[in-house]
Amino acid sequence: MMVLVFASVAASQSIDPAARLFASVAAETHNKLKLAFESRGRYEIRNGMAFGREPDLATGLIRTRLGAALTPVSWLKIFGMVQDARAPWYGPGAPNTVRDAADLHEGYIELFPDYKTGFGMTIGRMMLNYGDARLIGSPQWGNLARTYDHVRLYHRSPRAQLELLLVSPVKIRPTEFNRPVLGDRIWGTYNVFPNFYRKHQMDIYVLRHDQNRPGGFTGPGRLEVNTFGSRITGPLLLRANYTLEMALQTGKVGPAAHRAGAWFSSVSRRWRPGGRALDISGEYKYASGTDDPQKPARSHTFDQLYPANHDKFGHEDLFGWRNIHNTRWVASLAVTSALSVTFMYDNSWLASPRDAVYNGAGRPIVRSATGTVGRHIGQEADLFATWRYRHFMLGAGYGRFFSGEFIRRTTPGVGPTYLYIFHTYSL
């Protein structure tokens, strides 16, 4: 398979008819019509699934996208994208997290798309990312990538973008067309102040997450969670940079009163050994858990909403931003202008020993009702590399999880491993 990929790359260095065609369409229409295309394949082996409770998995993940953006006048943009996602080696039982036959992935209208000041609006189906995508994001590593049925109204100026939003994550239906399920929605305001103090940026948001039974809530009543948060990023001394984010939550989870919180902090810096860029960063993350899940009157487990969690808790994407303490170190070296190599290390503990450890989608993996089996979830080490050439990207990686006391005592304790190669062609 990879031999064919390298052959196609080599053949395309001198001839790239798709790129020429797309450029010709844009030129002939004076940039009023632009086409977009992506073809991606990833071939992965996952051992130790669910820490030994599920069979090992070897599969291919194929994703194809074709999009078109029409701008008939300066104040109007119409965009549509079709996506076809398949898992050919998974078998007939492939879940809706890896497959969705040709469907509308994006389709939206945007008013005043290129205006730097004044009002703007988008409405329709769209991939969205806010801040570092820790609460609302569209994870591109997954074979599908989440989209939202939404409406956004915003006002832009050099000092701020003030926004009102209502977004509903699209529920994937592999055997039929995806349609809105507005019983699961997030609404509120997300405001960005790009230069509120000497190159420091501040985001301030208030978000309400509502979910009823048709939207996916499985308990009595409904989910009604309010999130109040802020994110600040900017430069530090010695050419370092920082990011801080804090979110507090109130509301209800069914009949239970909900009080929860989460924290993120990071420091990063770039060095240039031998003229090559070396980026090193360190992070600490926390999200609260429920002290005693057997008492239904209180909920303290942080609601992570709909994040793009890839790489945030390790390259294997085992965990989510709920009931967790996590430290993370990343070093990325640009070996050449096209080739980069990254090493990542994560270490995680439970915030509450009687609450569960949660996966990247926010669902419980396993819990200890007594809270007497330890807090340490485990450590993960990852090494991966990417190589870019024009419209092509090739990559490969390996990850290994080392089970901590909590995982060893509540599961078979097998440390998952992750091996993959991928190729992408995008226009």
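Val-357 is in contact (heavy atoms within 4.5 Å) with Phe-319, Leu-350, Arg-363, Pro-364, Ile-365, Val-366, Ile-377, Phe-406 and Ile-407, leaving out residues up to four places away in sequence. The structure is a predicted model, in which local features need pLDDT of at least 70, side-chain atom pairs count only at pLDDT 80 or more, and totals for chains, interfaces and linings use all residues. Residues are numbered from 1 along each chain as its sequence is written, and side-chain values use heavy atoms, with hydrogens and water left out.

## Confidence

The predictor's confidence in each residue is given as pLDDT, from 0 to 100. For the chain the mean pLDDT is 92, and 96% of the residues reach 70 or more. Over residues 1-14, however, pLDDT stays under 50, and the model has 13 contacts beyond four places in sequence for this stretch.

## Nonpolar cores

A nonpolar core is a set of buried Ala, Val, Leu, Ile, Met, Phe, Trp, Tyr and Cys residues joined through side-chain atoms within 4.5 Å. Buried means under 20% relative accessible area, exposed means over 50%, and partly exposed lies in between (1.4 Å probe, protein chains only). The largest nonpolar core has 39 residues, of which Phe-302, Phe-319, Trp-321, Val-357 and Ile-377 touch the most other members. Two or more residues of this core come from each of β3 (76-86), β7 (161-169), β8 (184-197), β9 (200-211), β13 (260-271), β19 (364-366) and α3 (405-410). Such helices (H or I, at least four residues) and strands (E, at least two) are DSSP runs, numbered from the N terminus. The greatest contribution to this core is that of β13, with 3 residues. Apart from this core lies another, of 8 residues, including Trp-141, Val-330, Tyr-418 and Phe-422.

## Pocket and cavity

Rolling a probe the size of a water molecule over the atoms shows where empty space is left. On a 1 Å grid over the protein atoms alone, a cavity is a set of points where a 1.4 Å probe fits but cannot get out, whereas a pocket is an open set with protein on both sides within 12 Å along at least five of seven lines; lining residues have an atom within 4 Å of a point. Grid points are joined across faces, edges and corners, and a volume is the space filled by probe spheres set on the points.

The second largest pocket holds about 380 Å³ of space. Its lining has 21 residues, and Ser-268, Ser-281, Glu-283, Arg-328 and Val-330 are the closest to the pocket centre. At least two lining residues are supplied by each of β13, β14 (278-287), β16 (324-334) and β17 (339-349). Strand β13 gives the most to this lining, with 5 residues.

By the cavity rule, there is 1 cavity of 30 Å³ or more. The largest cavity contains about 50 Å³ of space, and Tyr-130, Arg-134, Leu-135, Ile-136, Tyr-190, Tyr-205, Leu-207 and Glu-245 line it.

The table sets out both linings by class.

## Individual residues

Most residues other than glycine have a negative phi, and most peptide bonds are trans. Ala-50 is not a glycine, yet has a positive phi of about 55 degrees. Ala-50 is placed in the loop between β1 (33-47) and β2 (57-73) and is partly exposed, with a relative accessible area of 22%. Arg-239 likewise has a positive phi, near 60 degrees. This arginine, Arg-239, is found in the loop between β10 (223-235) and β11 (240-253) and counts as exposed at 65% relative accessibility.

Gly-60 is in strand β2 and is buried, with a relative accessible area of 1%. Beyond four places in sequence, Gly-60 is in contact with Arg-42, Tyr-43, Arg-86, Ala-87, Pro-88 and Trp-89. The C-alpha atoms of Gly-60 and Arg-86 are separated by 8.2 Å, while the two residues are 26 residues apart along the chain.

Leu-144 lies in the loop between β5 (118-126) and β6 (148-156) and counts as buried at 8% relative accessibility. Leu-144 and Val-98 are 46 residues apart in sequence and 6.3 Å apart in space, C-alpha to C-alpha.
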